Amino acid sequence: MSNTTSIALRADARSLSRPAMADTVSDARTVTLQFEDNALLPLLFGEHDRHLARIEQRLGIRLASRGNRLSIIGSAEATAIAEAALRSLWMRLERGESVGMAEVEAALRLAEGVPQAPSGDEPRLPLADLPAIRTRKGAIAPRSHAQAAYMDQLARQDMVFGIGPAGTGKTYLAVAQGVALLLAGRVDRIVLSRPAVEAGERLGFLPGDMKEKVDPYLRPLYDALHDMMPADQVQRRITSGEIEIAPLAFMRGRTLAHCYAILDEAQNTTPAQIKMFLTRMGDGTRMVITGDPTQADLPPGQKSGLVEALAILDGVEGIGVSRFAEADVVRHPLVARIVAAYNRADQSAGGPAARMGGAGGRRRDGTPPVRQEGE
């Protein structure tokens with residue numbers, strides 16, 4: 001067996017009677033994976049086999065290891081998902097990348113795929129063909145098929161809307177793409193902006209100069225940047241103007257040329273503000289607009305500019321829209337369940353999710369949100 005093929009697959013169907021396996025079904029089968037590098041097995045299995053335990057819990061299967069072999073016992077569908085997830089995790093280890101619980105969750109999510117679009121023709125990318133964003137700190141790979149479609153649009157479209165709940169990676173991946181383009185010399189600078197709107201509380205007077213006053217609102221953008229580049233390089237590029245982080249109000253009257261511009265938390269813009277930002281676009285510029293219409297912090301009765309922009313720009317050539325749902329949340333698994341619970345409560349009460357067409361919601365006229373290519 002060559003070094004490039006480190007997993008050998010043997011599959012055979014057999015009946016199961018082991019009581020430890022939940023929901024035993026008649027089509028249960030056993031798939032055996034054989035690994036060449038025993039030194040990597042502890043990293044694949046996790047401390048006290050916690051990675052294997054999570055896969056068993058998630059898929060309702062049983063995993064049994066002996067030497068350098070791992071048997072997957074369960075239904076045909078579940079064993080196929082487990083096999084794909086384990087293969088992708090093994091490939092990460094072979095490339096020298098780390099595998100933790102977050103990577104296990106991502107591998108399972110990608111192997112399971114995503115719900116089909118209403119048309120039934122939504123493509124499912126093979127795990128080996130998923131896109132990646134490369135920065136000096138390493139490659140950033142998608143953790144869901146929605147992220148993969150979003151990353152593909154970030155690479156192809158001049159303007160992209162990333163819409164969905166918190167924790168789906170909308171802003172993080174947008175910043176990563178901007179850093180990759182900056183380091184590659186394809187844009188001259190990155191402009192990161194947010195509306196300075198308080199999230200449900202009154203902060204009062206903030207002391208200090210203008211930078212110190214607005215920094216609390218922009219902290220999530222700083223955090224994402226520091227994940228992509230060393231802190232000293234981030235500071236140096238901010239000082240030189242290659243990276244600009246500014247509140248949305250500072251964008252008025254400007255033309256953004258040869259840059260990568262991100263408007264984060266766009267659900268907190270007014271219609272006039274988001275129109276102002278979108279029309280700043282100059283030669284050689286790419287724009288990404290991210291937000292969650294169900295989490296607007298605008299005053300009661302104030303219409304969200306993001307919701308209006310999505311309706312007005314629907315179908316405009318050169319604009320991509322990627323929508324995320326609670327199933328795409330890549331933070332702690334509990335976050336996805338929290339988002340789902342709030343969406344259910346919000347929609348049953350006729351709240352923002354029901355009024356604004358957020359993740360799983362509908363528009364004011366009762367029609368579902370329009371899905372575009374790559375969503």
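The structure holds 14 salt bridges, where a salt bridge means a side-chain nitrogen of Lys or Arg within 4 Å of a carboxyl oxygen of Asp or Glu. Before going on, note that this is a predicted model: local features need pLDDT of at least 70, side-chain atom pairs count only at pLDDT 80 or more, and totals for chains, interfaces and linings use all residues. Residues are numbered from 1 along each chain as its sequence is written, and side-chain values use heavy atoms, with hydrogens and water left out.

Here are some of the salt bridges.

| Pair | Closest N and O atoms |
|---|---|
| Glu83 and Arg87 | 3.0 Å |
| Glu244 and Arg189 | 3.6 Å |
| Lys303 and Glu308 | 3.6 Å |

Shared partners also turn up: salt bridges join Arg54, Arg58, Glu105 and Glu112 into one network.

Let's take the tabled pairs in turn. Glu83 and Arg87 sit four residues apart in helix α3, so about one helical turn separates them. (Helices are DSSP runs of H or I with at least four residues, strands are runs of E with at least two, and both are numbered from the N terminus.) Glu83 counts as buried at 12% relative accessibility, while Arg87 is partly exposed at 26%. The labels work like this: buried is under 20% relative accessible area, exposed is over 50%, and partly exposed is in between, with a 1.4 Å probe and protein chains only.

Glu244 forms its salt bridge with Arg189. Glu244 lies in strand β9 (residues 243-247) and Arg189 in strand β8 (residues 189-194), so the pair ties together parts 55 residues apart in sequence. Glu244 is partly exposed at 22%.

Now the rings. Phe, Tyr and Trp rings (the six-membered one for Trp) pair if their centres lie within 6.5 Å; planes under 30 degrees apart are stacked, over 60 edge-to-face, and the rest tilted. By this rule there are two aromatic pairs. Phe35 and Trp90 make a tilted one, 4.6 Å centre to centre with 50 degrees between the planes. Both Phe35 and Trp90 are buried. Tyr150 and Phe324 go edge-to-face, at 5.3 Å centre to centre and 85 degrees between the planes. Tyr150 lies in helix α5 (residues 145-156) and Phe324 in the loop between β12 (319-323) and α11, so this pair ties together parts 174 residues apart in sequence. Tyr150 and Phe324 are buried too.
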